[in-house]
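The sequence and the coordinates come first.

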Amino acid sequence: MKLKYLFLVSFFLTACATTQNQSDTNLSNSYNKDVELPEDPHSQAIIDILKVMSIPQIARVAMNKKLAEDETQNLSPEYIQCINEQLTDNQVYALMLPVYKNNIDQESALKLAEFYTGPTGQKISTILKIKLGEPLAQPNITQEDVQAMAKYRPLLQELKKPELKEQAQVAGYNLGIRMGMQCAATGSI
């Protein structure tokens with residue numbers, strides 16, 4: 001097994017992940033595709049934010065781009081399919097929750113969820129989806145939208161904290177390694 005495969009797979013998640021404290025020694029049980037998400041208000045607010053921001057889709061696009069760019073490794077279609085199948089939305093949410101909870105308090109998360117699930121946040125979500133290649137009409141940003149963004153600007157800045165990004169990179173790397181090892185264990189490389 002080429003170690004570079006594992007690092008390549010892990011790289012795509014560095015922009016969207018969190019630390020998980022799993023220490024399974026059984027390789028076949030080291031990755032759980034069917035993740036149950038917590039239902040507390042803090043977690044739900046963060047999940048709402050991540051859904052509107054299209055984080056699972058962003059993770060898939062980034063992963064597939066990185067896998068496609070690496071022409072030196074001759075990655076099999078089966079391996080790429082294995083990785084794609086393992087990355088569920090709930091897996092991404094579960095991975096992100098600890099990082100966001102560590103960096104954004106419950107009150108801020110609830111306010112951000114309110115913003116992102118409102119009309120202006122939905123427009124931002126549409127813009128993100130357009131950037132991901134979805135054929136959607138560009139939303140019209142109104143003066144009210146600009147005012148709404150100004151009202152939430154301090155909270156929106158919390159999503160850009162360097163600590164959040166650094167913690168997400170570490171967690172994404174860890175998940176990528178586990179997913180790559182799982183696919184290698186099933187013979188998909």
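## A salt bridge between a loop and a helix

D40 counts as partly exposed because its relative accessibility is 27% (buried means under 20% relative accessible area, exposed over 50%, partly exposed in between, with a 1.4 Å probe and protein chains only). The model is a predicted one, in which local features need pLDDT of at least 70, side-chain atom pairs count only at pLDDT 80 or more, and totals for chains, interfaces and linings use all residues. Residues are numbered from 1 along each chain as its sequence is written, and side-chain values use heavy atoms, with hydrogens and water left out.

The partner of D40 is K101: the two form a salt bridge whose closest N and O atoms are 3.5 Å apart (a salt bridge is a side-chain nitrogen of Lys or Arg within 4 Å of a carboxyl oxygen of Asp or Glu). K101 lies in helix α5 (residues 89–103) and D40 in the loop between α1 (3–12) and α2, so the pair ties together parts that are 61 residues apart in sequence. Helices here are DSSP runs of H or I with at least four residues, numbered from the N terminus. K101 is also partly exposed, at 33% relative accessibility.

## The other salt bridges

The structure holds three salt bridges. Side chains of opposite charge can pair when their charged atoms come close. E107 pairs with K111, the closest N and O atoms being 3.1 Å apart. These two residues are four residues apart in helix α6, so about one helical turn separates them. E107 is exposed, with a relative accessible area of 52%, while K111 is partly exposed at 37%.

D145 and K123 also meet in a salt bridge, at 2.6 Å from N to O. Because D145 lies in helix α8 and K123 in helix α7, this pair ties together parts that are 22 residues apart in sequence. Both D145 and K123 are buried.

## Helix α6

Helix α6 has 12 residues and reaches 16 Å from its first C-alpha to its last, close to the 16 Å expected at 1.5 Å a residue (the expected span is 1.5 Å times one less than the number of residues). At the start of α6, a side-chain oxygen of D105 comes to within 3.1 Å of the backbone nitrogen of E107.

Which residues of α6 are buried? They are S108, A109, L112, A113, F115 and Y116. These residues cover an arc of only 160° around the axis, so they are on the same side of α6 (the arc is that of the directions from the helix axis to the C-beta atoms). The buried residues of α6 pack against α2 (41–52), α7 (119–131) and α8, where contact means heavy atoms within 4.5 Å.

## The aromatic cluster

Two aromatic pairs turn up in a search of the whole structure. Rings of Phe, Tyr and Trp (its six-membered ring) pair if their centres lie within 6.5 Å; planes under 30 degrees apart count as stacked, over 60 as edge-to-face and the rest as tilted. F115 and Y116 form an edge-to-face pair, with 5.2 Å centre to centre and 75° between the planes. F115 and Y152 form a tilted pair, with 4.9 Å centre to centre and 40° between the planes.

F115 is buried, with a relative accessible area of 3%, and Y152 counts as buried at 9%. Together, F115, Y116 and Y152 form one aromatic cluster.

Notes: Polar contact = N/O pair within 3.5 Å; in protein donor to acceptor, adjacent residues only side chain to side chain.
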